[in-house]
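Try each task yourself before you read its solution.

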Amino acid sequence: MGEKVKEKAVIISQEEISLDIYSMWIETNAAKTAKPGQFVALYCNDGSRILPRPISICEIDKKNNRLRFVYRVVGKGTDEFSKYHAGTEIEIMGPLGNGFPMEKAKGKKAILIGGGIGVPPMVELAKQLDAESKVIVAGYRNLLFLDYELKACGDFYPATEDGSIGVKGTVIDAIVENKLEADVIYACGPTPMLRAIKEYAEKHNIEAWVSMEEKMACGIGACLACVCKTKEKDKHTNVNNTRICKEGPVFNAEEVEL
Amino acid sequence: MNTSVNLAGVTLKNPVMTASGTFGSGAEYSDFVDLNKLGAVVTKGVANVPWPGNPTPRIAEVYGGMLNAIGLQNPGIDVFIERDIPFLKEYDTKIIVNVCGKTTEDYCEVVEKLADTPVDMLEINISCPNVKEGGIAFGQNPKAVEDITKQIKKYAKQPVIMKLSPNVTDITETAKAAEAGGADVLSLINTLTGMKIDIERQTFAIANKTGGLSGPAVKPVAVRMVYQVANAVKIPIIGMGGICSGEDAMEFILAGATAVSVGTSNFHNPYTTIEVVAGIEDYMRRHKVEDINDLIGIVK
C-alpha cells in the first residue's frame, strides 16, 4: 500500500468565506502524510456523479488529523459538497500528486503566487516554506479570501481585476509595481496566469514551479485523462505529455507547455 | 464453490477482469487491489508505436456515467513489452493485452510482437478508425470485422478476443462476422458514442467533440447486447458496461457472459473489482450454486 488512503472522512466544518467560495475542514488519515501542493479526490454522495473532484489542500493540521479545503462552487459536484454540514461523511482518496518542492527555496528569496481558486494551496505552502524571504502575491476578481491566513505568513500583495483592493491588474502587475524580487516562484492558478508566470520567470531567469489543473477521472495515473504537454518525452507515457495527477500537479514551468 | 471459468482454453480463477483503459497496466491500482485476486488484468490499449492521444479536456462527467476521448494514448508496444508485462507477470492472474491500431498492418505488428511474450490472451479494439477506409471504425462493418479477425488470427499465438462496438444497428451481425473470422472470444460492449455541450462556454465539453459513454448509465444497453450476442454465437463472451457490483455482474452472467469486466467504476471506487468478486461469491452462496458455470446464460 502507498501512503494514500481511501476512506470515509468526517466533515468538521463548512462555511462560505466569499461569494461561492467555501471552506471545509475534514478529519481524515490523509492528513498524516499530506504535503503542500498535494490534492485530495473528493467523491459525491450522490452516486449519479461518479467521478471524484480533485481539490487542492489549503491547510494541514497533523495534530488533529485534519485537512482544510477552500473550493469554488463551479458545478453540481462542488455545489453538493457546499451543502454538507459538520458531521456528514464524505468519501475521499488522498493525498494525491507530488506537492511543491519546498527544498528549492532553502536560503533563497521566494514568491508564492495564487490566482483565484489557485490561492488556497498557497496557504499551507506559505506556512511551511523555509526560505530566506517569502512574499505572497494573490490575484482575485474583486473579493479577497484567505488574505488573513496569507498575511500571517509573509508580506502579502493582492491584485484585483477591478483594482478595488491592491494593484489593479494581474499578479504579474503586482510583482512589477511592488518591485518584488525572487530566486524561486511557486504558483497555482488559471492557465493564462501560469503562462504569464512562465514567461516572466524565463525572462528574469527565475526558477518557477507551477501547479496545473485538468479534468481528472481516476486521480492516480491510470486513465490518462489529465495530461499536459511536456518539452521532453515523458518517462512513463513515452510521448510528449505527462500525467498531472501522478507526476504533477506541480511541474517546473520550463518542462511543461502552457 | 467453483468460480473459475474457461475462455478458449485459458482458465481464470474467477470471471472478474478489468476493462481496457480504466486500469492502466495494473500498477496504479495495485495500491488498492491485490491483483492476485482478479481473474485477469486487461491492459490499456497498445499500438505498434507510441500514440500521444487527444487534446484535453479528454473527459466529461454525465448523469450516471462519463464521456471519454483519451485517444488511446499509449507508450507503444516495445516499452509495453519491456515494462508492463514483467510487472504483471509478478502476479498470479491472467494477462490480457488490448491492441489498437490505425490499419490492419498496425494490429498485426503488435500481435506478432506479443506472440513470444507470456501474455495469456489478446483483446482487439476494433472501435478505432480505419485510416485506409476513410476513418470508419473497423467494428462498424461486418465485412471489415471478419477480415481483420482473419488477418490477426494468422499472426496470433494466443487466443483472440474481438471487442465489439455497440455503435451499430445490429450487434449480432458484427458478432457473427468475428466468429466467422475465427475469433476465440467476444467482449462487449465498448463505449457508446456521445456528446456533451458546455452551455456556459457554448462549446463541446471535451476537445474531441464526441466521446465514448461509459458507466452505470450504459448497463441496460450492455446487458441487452450480451443477451443478443450470446444467442447468436457459440464462442464465449466477456460482458461489460457499467458494472459496479456483484449484482451487476450477475446480470451479465445470467444473460450469457462467461466473464465480466469492471471499467469506469474503478474511477468511482478503486476497490470495485475485488468487491465484484466477493459479490458474485455471495450471490452463489445465497442461491446455493456450487459452480458459476451453471449460471452462465440461464436466463433465456
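**Exercise 1.** In which crossing, left-handed or right-handed, does α6(B) pass α8(B)?

Before you start: this is a predicted model, where local features need pLDDT of at least 70, side-chain atom pairs count only at pLDDT 80 or more, and totals for chains, interfaces and linings use all residues. Residues are numbered from 1 along each chain as its sequence is written, while chains are lettered from A and ligands numbered from 1 in the order in which they are written.

*Solution.* 
- Step 1: find the helices, which are DSSP runs of H or I with at least four residues, numbered from the N terminus. α8 of chain B covers residues 272-286, and α6 of chain B covers residues 246-255.
- Step 2: A crossing is left-handed if the near helix is turned anticlockwise from the far one by less than a right angle, and right-handed if clockwise.
- Step 3: α6(B) passes α8(B) in a right-handed crossing.

**Exercise 2.** Work out why α6(B) and α8(B) count as roughly perpendicular to each other.

*Solution.* 
- Step 1: take the axes, lines fitted to C-alpha atoms over the stretch in contact, with angles from 0 to 180 degrees between N-to-C directions. They come within 7 Å and cross at roughly 70°.

**Exercise 3.** Is B:Glu247 buried, exposed or partly exposed?

*Solution.* 
- Step 1: buried needs 20 or more other C-beta atoms within 10 Å, exposed 12 or fewer, and partly exposed lies in between.
- Step 2: B:Glu247 has 13, so this residue is partly exposed.
- Step 3: B:Glu247 sits in α6(B), and is one of the residues that meet α8(B).

Methods: Helices (H or I, at least four residues) and strands (E, at least two) are DSSP runs, numbered from the N terminus. Angles under 35 degrees count as roughly parallel, over 145 as roughly antiparallel, 65 to 115 as roughly perpendicular and the rest as oblique. Two residues are in contact if their C-beta atoms, placed from the backbone, lie within 7 Å.
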